[in-house]
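Me: I have a structure open and would like to go through it step by step. Could we begin with the ligand and then move on to the charged pairs?

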Amino acid sequence: MENNSIIRIKNLTKSFPMGKTQFTALRNINLILGKGEFTGLIGPSGSGKTTLLNIVGSLDSPTSGEAWVLDHSIGKLTAKQAAQLRKEKLGFIFQSYNLLAVHTVFENVEFPLLLLKMGASERKKMVMDALEWLGLTDKVKSKPPQLSGGECQRVAIARAMVKKPSLVLADEPTANLDAANSHHILKTMETLNRELKTTFLFATHDEKVIGYLHRKIYLLDGKVDRDERKVNSEK
Ligand SMILES: Nc1ncnc2c1ncn2[C@@H]1O[C@H](COP(=O)(O)OP(=O)(O)O)[C@@H](O)[C@H]1O
Ligand SMILES: [Mg+2]
C-alpha cells in the first residue's frame, strides 16, 4: 500500500442482481484516501454513496476491481477477517443511531470495547474519555429514549470513536438532526480528526456537512464526477 494511504480503490465496480439482469451501482471507481483526511462522498440519493461506504467498511465486497483498506483487500477477506478489521480498526456512524434503548449511555458506548481484550478499569476510562469528547459526561446513566436526537447522535459518535479507530465511516450522520445539532456534531468530529488524527469518510447530500469537508468526492450514477480539495485549508 502506498505510504500514507488508508484507502485505495482501483477499477471498482459493484453490481446487484436484478431479476435476470444486473444493476450496476458503482462503475470503475478509482480513489486514494490518505491518513487523516476529512472527506465526503457527495451525491443525490441513489448515486452509490452507501454502496461504496459499505465496501470500504468490509460489509460488502466489490464485483470487480479492488478496494484496499488499511492493507486489507476487502474482496479477499473471509467473513471472520472482515469482522476482525471492523472490530479493531473501523468506527461506524449511521443516520439512524442504532443505540440499544434498554441500555445506558455508558453501556452503549462500552459495547465495541467488549469485543476487544481489555480489563474493566481500562474500558471504563476509555468510555469516560469518549463521553467527555462528546460533552456527554452528565448523561452517563441516561437511556436513549430520555435523550434528544442530537444527544443520541453524539452517543453514536462516542460509540464509534471510543476505541480510537483508524477510520470512521459516517453515512448521512446529520439526516435526523436540526441545524444547531448538525453543526455541533460536525465541529466535534472535526476536532477528533485534528486531535486524534482519525480519518473520516462521510456519505452525505447535506450542505451543512459539505461545508466542513476538506475533500469532496462527487458521485453521479455510480461514477466519480468530481474530486475537489479545499485549498488553503489551515492545517
Ligand atoms: N442490495 C441491493 N440490491 C439491489 N440494488 C441495490 C442494493 N443496494 C443498493 N442498490 C441500488 O444501488 C443504487 C445506489 O444505492 P446507494 O448506494 O444506497 O445510494 P445512495 O447511498 O447514494 O443513496 C440505488 O439505485 C440502489 O437502489
Ligand atoms: Mg445512502
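This is a predicted model: local features need pLDDT of at least 70, side-chain atom pairs count only at pLDDT 80 or more; totals for chains, interfaces and linings use all residues.

Me: Which side chains have an N or O atom beside an oxygen atom of ligand 1?

Reply: The side chain of Thr 50 has an N or O atom 2.8 Å from an oxygen atom of ligand 1. For the side chain of Thr 51, the distance from such an atom to a ligand oxygen is 2.6 Å.

Me: And how much of the accessible area of ligand 1 does the protein cover?

Reply: On its own, ligand 1 has 560 Å² of accessible area, and the protein covers 61% of that.

Me: Which elements give two or more residues to the shell?

Reply: They are strand β2 and helix α1, the latter spanning residues 49-56. The most comes from α1, which gives 3 residues.

Me: Which residues surround ligand 1?

Reply: The surrounding residues are Phe 16, Phe 23, Ala 25, Pro 44, Ser 45, Gly 46, Ser 47, Gly 48, Lys 49, Thr 50 and Thr 51. By type, the shell contains 4 nonpolar residues, 6 polar residues and 1 charged residue.

Me: Phe 23 is on that list. Where is Phe 23 found, and is this residue buried, exposed or partly exposed?

Reply: Phe 23 belongs to strand β2, which covers residues 21-34. This residue counts as partly exposed because its relative accessibility is 41%, and buried would require under 20%. Together with Phe 16 and Met 18, Phe 23 also makes a nonpolar surface patch of about 280 Å².

Me: Let us change topic. How many salt bridges does a search of the whole structure find?

Reply: The search finds 11 salt bridges. As background, side chains of opposite charge can pair when their charged atoms come close.

Me: Lys 49 was also around the ligand. With which residue does Lys 49 form a salt bridge?

Reply: Its partner is Glu 172, and the closest N and O atoms of the pair are 4.0 Å apart.

Me: Why does Lys 49 count as buried?

Reply: Lys 49 counts as buried because its relative accessibility is 5%. Glu 172 is buried as well, since its relative accessible area is 12%.

Me: What about Glu 66 and Lys 76?

Reply: Their side chains meet in a salt bridge, with an N to O distance of 3.3 Å. Glu 66 lies in strand β4 (residues 64-69), and Lys 76 lies in the loop between β5 (72-73) and α2 (79-89), 10 residues apart. Glu 66 is partly exposed at 27% relative accessibility, while Lys 76 is exposed at 62%.

Me: And which helix holds Glu 151, the partner of Lys 139?

Reply: Glu 151 is in helix α5 (residues 149-161), and Lys 139 is in the loop between α4 (120-133) and α5. The salt bridge between their side chains has an N to O distance of 3.8 Å. Glu 151 counts as buried at 18% relative accessibility, whereas Lys 139 counts as partly exposed at 22%.

Me: Which residues do salt bridges with shared partners join into one network?

Reply: The network consists of Glu 37, Arg 215, Asp 227 and Arg 229. The side chain of Glu 37 also makes a polar contact of 2.7 Å with the side chain of Thr 39.

Me: Finally, where does Thr 39 lie?

Reply: Thr 39 lies in strand β3, residues 38-42. At 0% relative accessibility, Thr 39 counts as buried.

How values were computed. Residues are numbered from 1 along each chain as its sequence is written. Chains are lettered from A and ligands numbered from 1 in the order in which they are written. Side-chain values use heavy atoms; hydrogens and water are left out. Patches are made of residues with over 30% relative accessible area and no salt bridge: like charges are joined within 9 Å, nonpolar side chains (Val, Leu, Ile, Met, Phe, Trp, Tyr) within 5 Å. Accessible areas come from the Shrake-Rupley method with a 1.4 Å probe; for residues, only the protein chains shown count as cover. Helices (H or I, at least four residues) and strands (E, at least two) are DSSP runs, numbered from the N terminus. Buried means under 20% relative accessible area, exposed over 50%, partly exposed in between (1.4 Å probe, protein chains only). A residue is near a molecule or strand if one of its heavy atoms lies within 4 Å of it. A polar contact is a pair of N or O atoms within 3.5 Å; within protein, one must be able to donate a hydrogen and the other to accept it, and residues adjacent in sequence count only if both atoms are side-chain atoms. Ala, Val, Leu, Ile, Met, Phe, Trp, Tyr, Cys and Pro count as nonpolar, Asp, Glu, Lys and Arg as charged, and the others, Gly among them, as polar.
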